[in-house]
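Please keep the sequence and the structure in view while reading.

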Amino acid sequence: MKKSLILISVGVFNFLHGIFHIIQFVQSMLLVAYSTEGHNHESWIEKIMHSPIFAMFWAIVGIVTLIIGIKDFIHHRRCEKHKH
């Protein structure tokens, strides 16, 4: 396998990794917003979605995902500066 193909593949996977961090953060924000709105709780899934504990769980997931994404970005930016 050519070295360039491996590098391109690693770059694509790193790009997808970053996109998944953004998607997870947006998903967490939407789930927190949905769980804090007032609705008529008809089914068991709606009761779970509106639970404050569930909202806190997704808020923590969103914050941790954002922190990991920022640290990952800073790490990769530092690695670019140290290339020879």
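**Contacts of His21**

Not counting residues up to four places away in sequence, His21 touches Thr65, Ile68 and Gly69, where contact means heavy atoms within 4.5 Å. His21 is found in helix α1; helices (H or I, at least four residues) and strands (E, at least two) are DSSP runs, numbered from the N terminus. The model is predicted, so local features need pLDDT of at least 70 and side-chain atom pairs count only at pLDDT 80 or more, while totals for chains, interfaces and linings use all residues. Residues are numbered from 1 along each chain as its sequence is written, and side-chain values use heavy atoms, with hydrogens and water left out.

**Overall fold and surface**

- The chain has three helices and zero strands, and along the sequence these follow the pattern α-α-α.
- Of the 84 residues in the chain, 12% are buried; buried means under 20% relative accessible area, exposed over 50%, and partly exposed in between (1.4 Å probe, protein chains only).
- The chain exposes about 7100 Å², with carbon and sulfur atoms supplying 73% of it; accessible areas come from the Shrake-Rupley method with a 1.4 Å probe, and for residues only the protein chains shown count as cover.
- Among contacts between residues at least 6 apart in sequence, 50% join residues at least 24 apart.

**Helix α3**

- Helix α3 covers residues 52-81, and its 30 residues should span 44 Å at 1.5 Å a residue; the end C-alpha atoms are 44 Å apart, which agrees. The expected span is 1.5 Å times one less than the number of residues.
- The buried residues of α3 are Ala55, Trp58, Gly62 and Thr65.

**Thr65 and His21**

- Thr65 lies in helix α3 and counts as buried because its relative accessibility is 8%.
- Leaving aside neighbours within four places in sequence, Thr65 is in contact with His21, Gln24 and Phe25.
- His21 has 15% relative accessibility and therefore also counts as buried.

**The largest pocket**

- The volume of the largest pocket is about 530 Å³.
- A pocket is an open set of points on a 1 Å grid over the protein atoms alone, where a 1.4 Å probe fits, with protein on both sides within 12 Å along at least five of seven lines; lining residues have an atom within 4 Å of a point. Grid points are joined across faces, edges and corners, and a volume is the space filled by probe spheres set on the points.
- The largest share of the lining of the largest pocket, 10 residues, comes from α3.
- By class, this lining has eight nonpolar, eight polar and four charged residues. Ala, Val, Leu, Ile, Met, Phe, Trp, Tyr, Cys and Pro count as nonpolar, Asp, Glu, Lys and Arg as charged, and the others, Gly among them, as polar.

- Gly18 lies in helix α1 and is partly exposed, with a relative accessible area of 28%.
- Gly18 and Phe73 are 55 residues apart along the chain, and their C-alpha atoms are separated by 8.7 Å.
- Tyr34 is found in helix α1 and counts as partly exposed at 29% relative accessibility.
- Tyr34 and Glu46 are 12 residues apart in sequence and 9.8 Å apart in space, C-alpha to C-alpha.
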